[in-house]
Amino acid sequence: MNQQCAVYPGSFDPPTNGHLDILLRATQLFPKVIVAVTDNQNKNPSFTLEERLTMLRTTTSKMHNIKVDSFSGLLVDYVQQSRASVIIRGLRAVSDFEYEFQMALMNRRLNRSVITVFLMPDESYTYLSSSVVREVARHGGSLRGLVHPSVEKKLKKLYRIPSHPIG
Ligand code: ADP
């Protein structure tokens, strides 16, 4: 397995600046990072897999050594198929810890050679999540500084919010 390649998996529904913060940090640690979008329909995503891939490709277009891909099935299998050896996950607050700890230990049990690395975002993103972003967008609130402008556009389209508020 390639110690130089890391996989950053997630729903990215939609990608936020918190995701990008983690991704940037990951690229400082690993020469190659694969952003892997989960095709898990159980999560009932607001955006299709194709839309999430497109948003990620647009938002990371200026970043180097990043590949945007999708996967289904077991994450550790995808990591192995990609010839990677590291899983990147973000930790915002203690509330993330229990779930992430459980997943990391299960993944280790499934494949002992895959290592999970947790990274913390800038403190200004610790409250940021895709679901909060969707909620703000649904009610027409500003997302400036929280998501890439192309993602904000997509959210406005999804919730039929006019780009330029009347009046
Ligand atoms: P998942 O459904 O796999 O949790 P998400 O897209 O919600 O997918 O999150 C993917 C990863 O990015 C997770 O490790 C999550 O903790 C992390 N993450 C999401 N938002 C932020 C943020 N604002 N700051 C740091 N990490 C984040």
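Me: Where is Arg-160 found?
Reply: Arg-160 is in the segment after helix H6 (149-158); helices (H or I, at least four residues) and strands (E, at least two) are DSSP runs, numbered from the N terminus. This is a predicted model, in which local features need pLDDT of at least 70, side-chain atom pairs count only at pLDDT 80 or more, and totals for chains, interfaces and linings use all residues. Residues are numbered from 1 along each chain as its sequence is written, and side-chain values use heavy atoms, with hydrogens and water left out.

Me: Is Arg-160 buried or exposed?
Reply: Arg-160 counts as exposed, because its relative accessibility is 75%. Buried means under 20% relative accessible area, exposed over 50%, and partly exposed in between (1.4 Å probe, protein chains only). Its phi is near 50°, a positive value in a residue other than glycine.

Me: What about the phi of Asn-44?
Reply: Asn-44 is not a glycine, yet has a positive phi of about 50°. Asn-44 sits in the loop between E2 and H2 and counts as exposed, at 65% relative accessibility.

Me: Which peptide bond is cis?
Reply: The bond joining Asp-13 and Pro-14 is cis, with omega about 5°. Pro-14 belongs to the loop between strand E1 (2-10) and helix H1 (17-29).

Me: Changing topic, which residues come nearest to the ligand?
Reply: Of the 16 residues around the ligand, Tyr-8, Ser-11, Lys-43, Gly-90 and Leu-128 come nearest; a residue counts as near if one of its heavy atoms lies within 4 Å.

Me: What does Glu-100 touch?
Reply: Glu-100, in helix H4 (residues 94-110), touches Arg-89, Gly-90, Leu-91 and Phe-118, not counting residues up to four places away in sequence (contact: heavy atoms within 4.5 Å). Glu-100 counts as buried, at 6% relative accessibility.

Me: Lastly, how many bridges join E2 to E3?
Reply: There are 6 bridges between E2 and strand E3 (residues 66-71), which run parallel; two strands pair if DSSP finds at least two bridges between them. Strand E2 (residues 32-38) is largely enclosed by the rest of the structure, because 6 of its 7 residues are buried.
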